Amino acid sequence: MKEISFITSNKNKLLEVSQILCNSVPLINKDLDLPEYQGASVEEIATQKCITARNHVQGPVLIEDTALCFDGLNNLPGPYIKWFLGSLGLNGLNTLLHGFNNNKAHAVCTFAYSPDSNTDPVIFQGKTYGNIVQPRGDTAFGWDPIFQPDEGGGKTYAEMTKEDKNKINLQYDFIDGSLAVEKANEIIPTIQKLIKRGDWRAVIDCHPPKHISFASTHNKQPFSTIALNGTQQDLWPDHCIVGSRGCLLHSAIQDTLSSSQLNIHYVDKGCEVDRDAYSAFQASSHDVKGLVEASTTESIYVCGLAGDYCVKATAISAAQLTQYPVTVIEDATASVDKHSGWKRELEMGGVKILTSNQISKEMAKESTK
């Protein structure tokens with residue numbers, strides 16, 4: 001992958017972003033004196049900065065812009081937090097809220113990426129909700145000492161480790177991001193245990209910007225449906241965009257896969273802008289059926305997110321296209337729909353549904369034969 005110039009004068013920020021991206025994207029530091037743009041939104045400001053930066057660099061660039069929005073001040077300072085901090089200091093920022101009886105705030109982290117001068121910047125954004133408190137902790141990252149995130153265990157950003165802070169800063173889209181599935185985090189330990197038992201195909205949504213399934217592509221509301229090319233197209237929030245944090249596997253899953261020393265294949269799906277793909281067998285990047293048939297497997301097990309969409313579609317495709325028995329692992333799968341309709345569809349499609357413990361017992365019986 002070609003190196004991307006990350007525009008920052010703060011070497012700590014370069015290190016933090018590299019860690020967030022699990023060092024999967026080759027970043028180099030470029031210290032440019034970009035104008036301090038003013039605009040109606042942090043997205044507009046980030047876009048302008050990205051365009052200016054790419055014109056200087058003449059290559060792929062990534063810029064970050066942060067905002068700290070006080071609920072009591074109608075979202076001020078917002079993208080102008082740097083100026084407010086420079087003028088008032090940490091204690092002065094805290095004093096701004098005196099008399100409002102509302103110390104709630106949210107931090108907004110916005111990245112803008114442009115691969116070349118012919119491509120409009122792509123915006124990635126995450127929000128973290130919390131409270132403004134008296135300054136505590138290291139002052140290396142500006143306003144971090146006064147922002148205490150709701151999920152920070154009572155610590156300010158400045159008091160948290162980089163690892164814990166990064167878990168909150170930018171979100172995995174199916175875990176707690178734009179398409180979060182309820183209780184998705186709870187299935188991670190089970191999946192980690194399962195990984196150690198055999199060959200796996202890690203199937204990853206990897207969408208380009210303006211993907212056909214994005215509501216924003218059609219100027220529609222997320223979770224609506226439109227008629228498109230003679231079929232019904234479900235529309236979702238922008239998610240799992242290639243190059244974004246939301247496109248990456250959860251670090252706990254990735255670490256387990258990397259250390260397993262087993263035969264792991266990574267399969268990207270949904271990579272074509274004009275083609276949707278719920279099933280892994282629809283992936284244009286790999287011949288999944290061929291991968292399965294070339295392995296020594298005797299059974300196919302499917303798990304992950306979301307049970308009523310990609311897991312269901314993959315399992316039913318496997319039952320239709322291969323000769324192997326197919327099972328969805330119930331306690332390693334989370335779904336959007338809490339009703340059981342999708343499970344009935346699996347059973348009608350010839351797919352079994354078992355827990356990981358039930359599968360372990362089946363395997364134990366097979367090994368004693």
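Which residues do ring pairs link into a cluster? Phe223, Trp236, Tyr278 and Tyr309 are the residues that ring pairs link into a cluster. This is a predicted model, in which local features need pLDDT of at least 70 and side-chain atom pairs count only at pLDDT 80 or more, while totals for chains, interfaces and linings use all residues. Residues are numbered from 1 along each chain as its sequence is written, and side-chain values use heavy atoms, with hydrogens and water left out.

**Overall fold**

- The protein chain has 10 helices and 14 strands, where helices (H or I, at least four residues) and strands (E, at least two) are DSSP runs numbered from the N terminus.
- Of the 369 residues in the protein chain, 47% are buried; buried means under 20% relative accessible area, exposed over 50% and partly exposed in between (1.4 Å probe, protein chains only).
- Among contacts (heavy atoms within 4.5 Å) with a separation of 6 or more in the protein chain, 60% join residues 24 or more positions apart.

**Aromatic pairs**

- The structure holds 8 aromatic pairs, counted when rings of Phe, Tyr and Trp (its six-membered ring) have centres within 6.5 Å, with planes under 30 degrees apart taken as stacked, over 60 as edge-to-face and the rest as tilted.
- The ring centres of phenylalanine 223 and tryptophan 236 are 5.9 Å apart and their planes stand at 85 degrees, so the pair is edge-to-face.
- Phenylalanine 223 lies in the loop between strand S8 (200–205) and strand S9 (225–228), and tryptophan 236 in the loop between strand S10 (231–234) and helix H6 (251–259), so the pair ties together parts that are 13 residues apart in sequence.
- Phenylalanine 223 is exposed, at a relative accessible area of 56%, whereas tryptophan 236 is buried, at 11%.

- The peptide bond joining leucine 305 and alanine 306 is cis, with omega about -15 degrees, and alanine 306 sits in the loop between strand S12 (300–305) and H8.
- Helix H8 (residues 307–321) has 15 residues and reaches 19 Å from its first C-alpha to its last, close to the 21 Å expected at 1.5 Å a residue, the expected span being 1.5 Å times one less than the number of residues.
- The buried residues of H8 include Gly307, Asp308 and Cys310.

**Other backbone features**

- Most residues other than glycine have a negative phi, and most peptide bonds are trans.
- Asparagine 101, in the loop between helix H3 (81–95) and strand S5 (104–114), has a positive phi near 55 degrees and is exposed at 80% relative accessibility.
- Cysteine 240, in the loop between S10 and H6, has a positive phi near 50 degrees but is buried, with a relative accessible area of 3%.
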